[in-house]
Amino acid sequence: MRLLIFGKQGAGKGTQAVRLAEHFSIPHISTGDMFRSAVREGTEFGRRAKEFMDAGELVPDSVVLGMVRERLARPDAEHGFLLDGFPRTLPQAHGLREVVGEDGLDRVIELAVPTEAVVERISGRRVCADCGATYHVTAPPRQGWGHCDQCGGSQVVQRDDDNELAVRRRLAIYERETAPLADYYADGNLLARVDGVGDPDEVFVRILTAVGGRTSS
Ligand code: AP5
Ligand code: MG
Ligand code: ZN
């Protein structure tokens with residue numbers, strides 16, 4: 001299964017991608033997570049990416065494409081993958097097509113959530129500083145904020161780019177640069193538009209229905 005999920009900042013791509021990757025046993029490839037782990041590792045690459053991210057700007061296409069090309073060449077992506085947050089410009093979509101070929105994707109999911117709802121989700125988001133696991137002020141880790149469910153880490157914090165200015169900038173860039181991907185993939189009959197409002201488990205079932213998968217429970 002070769003999938004791509006896109007949608008506004010805070011639409012729940014990461015939340016759903018974790019479930020989808022597990023369900024289909026495919027790697028979850030999130031360009032945002034890849035940049036954030038480079039930032040945590042303190043590399044020069046990470047330092048440069050962080051300047052764009054904190055300002056709510058896109059990292060240049062050539063940089064993102066090079067990183068994704070390398071990631072898709074790894075053996076675990078040979079039999080499928082789930083792309084989250086990439087592509088998010090038309091040049092990135094063209095670049096992806098060059099890497100995976102004309103028939104390189106099985107389904108493209110657009111996760112649709114109104115802007116007011118994503119602003120609320122982003123302002124309440126908290127992430128684990130060690131592993132990146134995502135929470136919300138209304139949905140904390142099982143054992144409380146001091147203990148991440150995934151890694152046991154004690155620092156669950158707000159993302160540096162989840163400030164109001166950067167969020168507004170990211171949403172404006174989304175409309176201009178990323179929203180046109182819907183038409184691009186609709187032309188190839190790949191697009192499935194899924195309502196992202198509601199309980200995350202309900203949204204997950206909608207996505208599985210849209211990709212033609214079956215729920216296991
Ligand atoms: P990236 O990390 O991809 O951020 P984003 O696109 O802004 O998306 P988010 O991660 O903010 O939102 P999400 O849809 O994953 O929502 P989540 O599941 O967390 O990119 C960050 C930056 O990196 C970019 O700004 C850019 O600088 C750079 N970058 C990355 N990729 C790039 C590319 N391809 N090209 C150029 N630059 C790139 O959910 C949000 C919150 O809502 C959470 O708190 C969650 O718990 C909650 N929630 C989720 N689902 C629900 C639900 N159904 N109901 C209620 N709450 C929910
Ligand atoms: Mg995300
Ligand atoms: Zn963690």
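Entry 1, metal site. I looked up the donors of the zinc ion (ligand 3) and found that they follow the spacing C-x2-C-x16-C-x2-C along the chain. The protein donors are C128 (SG), C131 (SG), C148 (SG) and C151 (SG), at 2.3 to 2.4 Å from the zinc ion (ligand 3). Donors are N, O and S atoms within 2.8 Å of the metal (3.2 Å for Na, K and Ca); water is not among the atoms, so sites may look incomplete. The four donor atoms subtend angles of 103 to 115°, which makes the arrangement around the zinc ion tetrahedral (for four donors, all angles between 85 and 135 degrees).

The model is predicted, local features need pLDDT of at least 70, side-chain atom pairs count only at pLDDT 80 or more, and totals for chains, interfaces and linings use all residues. Residues are numbered from 1 along each chain as its sequence is written, chains are lettered from A and ligands numbered from 1 in the order in which they are written, and side-chain values use heavy atoms, with hydrogens and water left out.

Entry 3, antiparallel sheet. I traced an open sheet of three strands, ordered β6-β5-β7, with antiparallel pairing (two strands pair if DSSP finds at least two bridges between them). Helices (H or I, at least four residues) and strands (E, at least two) are DSSP runs, numbered from the N terminus. β6 (134-136) and β7 (156-157) are the edge strands, each with a single partner, so one side of each has no neighbour in the sheet. Strand β5 (residues 125-128) pairs with β6 over three bridges, and R126 stands opposite Y135 in β6. Helix α6 (residues 115-124) packs on this sheet and touches β5 and β6, its direction making about 40° with that of β5.

I read the order of the five-strand open sheet as β2-β3-β1-β4-β8, paired in parallel. Its edges are β2 (28-30) and β8 (191-195). Neighbouring strands are turned by 20° against each other on average, direction ignored. Three bridges join β2 to strand β3 (residues 81-84), and S30 stands opposite D84 in β3.

Helix α2 (residues 31-41) and helix α4 (residues 61-72) pack at about 100°, with axes 11 Å apart. Axes are lines fitted to C-alpha atoms, for helices over the stretch in contact, and angles run from 0 to 180 degrees between N-to-C directions. That angle makes α2 roughly perpendicular to α4 (65 to 115 degrees). T31, M34 and F35 of α2 meet V64, M67, V68 and R71 of α4 (contact means heavy atoms within 4.5 Å).

Most residues other than glycine have a negative phi, and most peptide bonds are trans. The peptide bond from F86 to P87 is cis, with omega near -5°; P87 lies in the loop between β3 and α5 (90-100). S25, not a glycine, has a positive phi of about 50° and sits in the loop between α1 (13-24) and β2.

How values were computed: Parallel < 35°, antiparallel > 145°, perpendicular 65-115°, else oblique. Tetrahedral: all angles 85-135°; square planar, octahedral: opposite > 155°, others 65-115°.
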